[in-house]
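Have the model open while you read.

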Amino acid sequence: MTLVAADSGLTRLLDGLRPSELVLRDWVASQLDSSMLDEIAAADYGFGVAEYRDAVAELRLVSRLPSELIGHPAAEVLALTRWSTVDSSELGPEETRRRHVMRLFCCTLLVSASTSDGRPVDSLMPLVESAVALGPAASEAARGFLAWCRLNEPGDWRDDLASRPFLTLALVALSSDSATVPGLIAAFADELHDALDDEGLLWSQRPIRDLLKLTAMSEARRMWVPLADRWLTAGDPRLAILGQAIRGDLAADAEELRSLLRQA
């Protein structure tokens with residue numbers, strides 16, 4: 001069921017991104033090899049590897065993504081792999097790619113399901129970072145999947161107004177070369193305003209940073225900084241403003257930030 005108003009401008013933008021529940025899972029599952037499944041299965045300090053492997057392997061083939069992972073036999077290793085470090089300066093190209101594929105697969109499942117920690121943003125940013133690192137095909141698939149998530153608000157998104165703007169912001173990050181960027185940025189600004197109002201933070205002078213503190217663990221928050229740095233030099237004034245706001249370098253409350261993003 002689509003939850004965004006059917007006649008809204010955001011819905012039209014999302015429809016243009018070809019939303020699909022399985023497009024990213026199918027893309028990344030095709031990149032997984034047996035050694036990657038073994039490594040994901042061993043993420044829980046080597047305990048229960050055979051059981052974990054069977055559960056993870058099954059998720060490559062399901063016809064619908066699980067709506068809930070609480071108590072799922074693969075939940076623990078999916079969550080642990082989400083936090084795996086992928087530092088290309090310390091790894092060769094092949095190992096860097098392997099780790100991004102594994103992390104992207106796990107985050108795809110975690111982003112769309114209810115989880116025990118109830119923090120979808122914690123899985124969202126690793127997903128975006130790995131999709132971008134894996135290239136245009138992965139980014140396009142991630143864009144279609146996250147557009148589906150924004151339309152349908154699966155798992156923990158539905159009841160988390162404070163996190164929802166970052167789902168739209170992730171679509172901005174994956175659509176930086178697309179004509180949809182101005183509309184997505186405007187939608188993000190409106191959603192941010194609503195979320196801050198709900199949390200009593202409308203007058204915060206660092207609204208994006210303060211909302212991230214409520215919705216994401218520190219590791220996930222840090223992942224936004226390299227993206228913000230790239231936006232500062234992207235040549236698009238709207239992206240530059242977003243970059244400054246994410247970094248906390250721009251002092252502007254919700255109304256001022258929305259005005260800046262709409263006027264740029």
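**Notes on voids and a helix**

1. There is one cavity of 30 Å³ or more in the structure. A cavity here is a set of points on a 1 Å grid over the protein atoms alone where a 1.4 Å probe fits but cannot get out; volume is the space filled by probe spheres set on the points, joined across faces, edges and corners. This is a predicted model, where local features need pLDDT of at least 70 and side-chain atom pairs 80 or more, while totals for chains, interfaces and linings use all residues. Residues are numbered from 1 along each chain as its sequence is written, and side-chain values use heavy atoms, without hydrogens and water.

2. The largest cavity has about 30 Å³ of space. Its lining (residues with an atom within 4 Å of a point) includes Arg82, Asp117, Arg119 and Asp156. By class, that lining is three nonpolar, two polar and four charged residues.

3. The largest pocket (an open set with protein on both sides within 12 Å along at least five of seven lines) has a volume of about 300 Å³. Of its 18 lining residues, Val86, His100, Arg103, Glu129 and Pro226 lie nearest the centre. α12 (218-232) gives the most, five residues.

4. On to α3 (residues 34-41; helices are DSSP runs of H or I, at least four residues): Met36, Leu37, Ile40 and Ala41 are buried (under 20% relative accessible area, 1.4 Å probe, protein chains only). Down the axis of α3, the buried residues fall within an arc of 135 degrees (directions from the axis to the C-beta atoms), so they line one face of the helix.

Notes
Buried means under 20% relative accessible area, exposed over 50%, partly exposed in between (1.4 Å probe, protein chains only). Helices (H or I, at least four residues) and strands (E, at least two) are DSSP runs, numbered from the N terminus. Ala, Val, Leu, Ile, Met, Phe, Trp, Tyr, Cys and Pro count as nonpolar, Asp, Glu, Lys and Arg as charged, and the others, Gly among them, as polar.
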